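Please read the following note with the sequence and the model open beside it. The points go from the whole chain to single elements.

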Amino acid sequence: MTVETISMNRRGFLGGAMTGGAALGAASALSLVPATAHAAAPLAGSPMAGALRRKVGNFEVTALLDGYLQLGPELIVGYEEETAAKLRKAAFIESQALTGPVNAYLVNTGDKLVLIDAGTSDKMGPTLGHLGSALSAAGVTPEQIDAVLITHMHPDHLFGVLTPTGKKAFPNAELLLPELDNIFWYDDAAMNAAPEQFKPFFLGARASADAYKSTQSLFNPGKELFPGITAKALPGHTPGHVGFVIESNGEQLIIAADIIHATTYQFENPEWAIAFDIDPAQAIETRKKFFDEVSADRVMFAGMHIPFPGFGYLAKQGDGYRFVAADWPYTF
């Protein structure tokens with residue numbers, strides 16, 4: 001048998017396809033030839049920008065990663081360590097602090113480029129504020145964005161509409177805000193009653209919204225804001241917290257914003273809340289209702305704090321739910 005006819009399988013390699021002294025001689029000769037030295041490839045040192053695009057009917061929806069934050073047990077309302085420890089072990093998480101993403105979503109309807117939430121800018125530390133890099137990876141510039149839809153006016157959703165210098169990050173975009181949230185964040189009585197550490201949330205929300213006064217609109221749930229994009233009430237996390245139902249050519253995706261934060265815990269324990277909920281009881285009720293809805297209807301949804309890219313489904317499991325990540329969009 002010649003070298004050209006060696007079978008490319010384990011037996012071909014290990015069974016001595018080349019036999020006799022010729023093979024031994026060749027092996028000996030090869031062992032004396034020094035390996036070619038190659039320079040080591042430098043480590044990148046940072047993750048790649050997060051952008052992943054999938055189709056919803058005739059629309060393109062791109063998940064964009066602004067970065068990540070960490071949630072310690074002190075931020076989970078209803079937290080019980082024994083249950084939490086079992087869930088962390090099942091999820092191969094060693095630390096008590098959970099790492100959670102901050103996602104945003106870009107919807108290309110064919111007529112409009114609509115950004116749903118805008119990340120944090122530079123307001124929440126170096127692990128966040130990377131939406132610009134994600135947009136660039138998706139081949140989109142801030143100037144191309146036609147509209148920015150805000151699910152609620154928390155820093156990790158709204159503050160990214162401004163650059164670090166306080167300029168409009170999306171100079172040609174209309175800013176659309178949920179009216180109930182806008183009323184709350186501009187309420188001086190609510191701000192004065194808030195804990196001291198939360199007062200910058202109010203001031204930052206106002207500064208972000210005010211920058212777009214000339215191109216700003218308020219909306220209420222149930223309104224179709226653009227063809228195929230309708231606001232959906234999801235109250236509790238904030239008074240005007242909304243999601244968006246994306247519908248095109250018979251397909252549907254719900255952008256559910258902050259319906260969940262600590263996915264390791266809250267899918268199985270939807271009655272656990274987050275310290276940032278303004279009305280925890282209402283947020284829990286909304287979450288349970290939404291989980292029942294999407295699991296029964298087998299509807300794909302996405303969330304701003306579900307591991308990137310955040311697309312998936314829910315299956316009922318005992319008293320809780322099991323998240324099933326949507327299949328990767330393999331087509332190019």
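1. Basis. This is a predicted model, in which local features need pLDDT of at least 70 and side-chain atom pairs count only at pLDDT 80 or more, while totals for chains, interfaces and linings use all residues. Residues are numbered from 1 along each chain as its sequence is written, and side-chain values use heavy atoms, with hydrogens and water left out.

2. Overall make-up. The protein has ten helices and 16 strands; these are DSSP runs numbered from the N terminus (helices: H or I, at least four residues; strands: E, at least two). Of its 332 residues, 46% count as buried. Buried means under 20% relative accessible area, exposed over 50%, and partly exposed in between, with a 1.4 Å probe and protein chains only.

3. Contacts. Among contacts with a separation of 6 or more, 68% come from residues 24 or more positions apart. A contact here means heavy atoms within 4.5 Å.

4. Helix α10. This helix covers residues 280-297, and its 18 residues reach 26 Å from first C-alpha to last, close to the 26 Å expected at 1.5 Å a residue. The expected span is 1.5 Å times one less than the number of residues. Its buried residues are Ala 283, Ile 284, Thr 286, Arg 287, Phe 290, Phe 291, Val 294 and Ser 295. They lie on the same side of α10 because they cover an arc of only 165 degrees around the axis; the arc is that of the directions from the helix axis to the C-beta atoms. The face turned away from the buried side carries exposed residues, including Glu 285 and Lys 289. Arg 298, which follows α10, has a positive phi near 55 degrees.

5. Helix α3. Which residues of α3 (residues 81-90) are buried? They are Ala 84, Leu 87 and Arg 88. On the face turned away from them are the exposed residues Glu 82, Lys 86, Lys 89 and Ala 90. Just after α3, Phe 92 takes a positive phi of about 60 degrees.

6. Strand β7. Four of the five residues of β7 (residues 174-178) are buried. Strand β6 (residues 147-149) runs parallel to β7 and is joined to it by three bridges; Ala 147 has Glu 174 in β7 as its bridge partner. Four bridges join β7 to β8 (residues 216-219), again in parallel, with Pro 178 opposite Phe 219 in β8. Two strands pair if DSSP finds at least two bridges between them.
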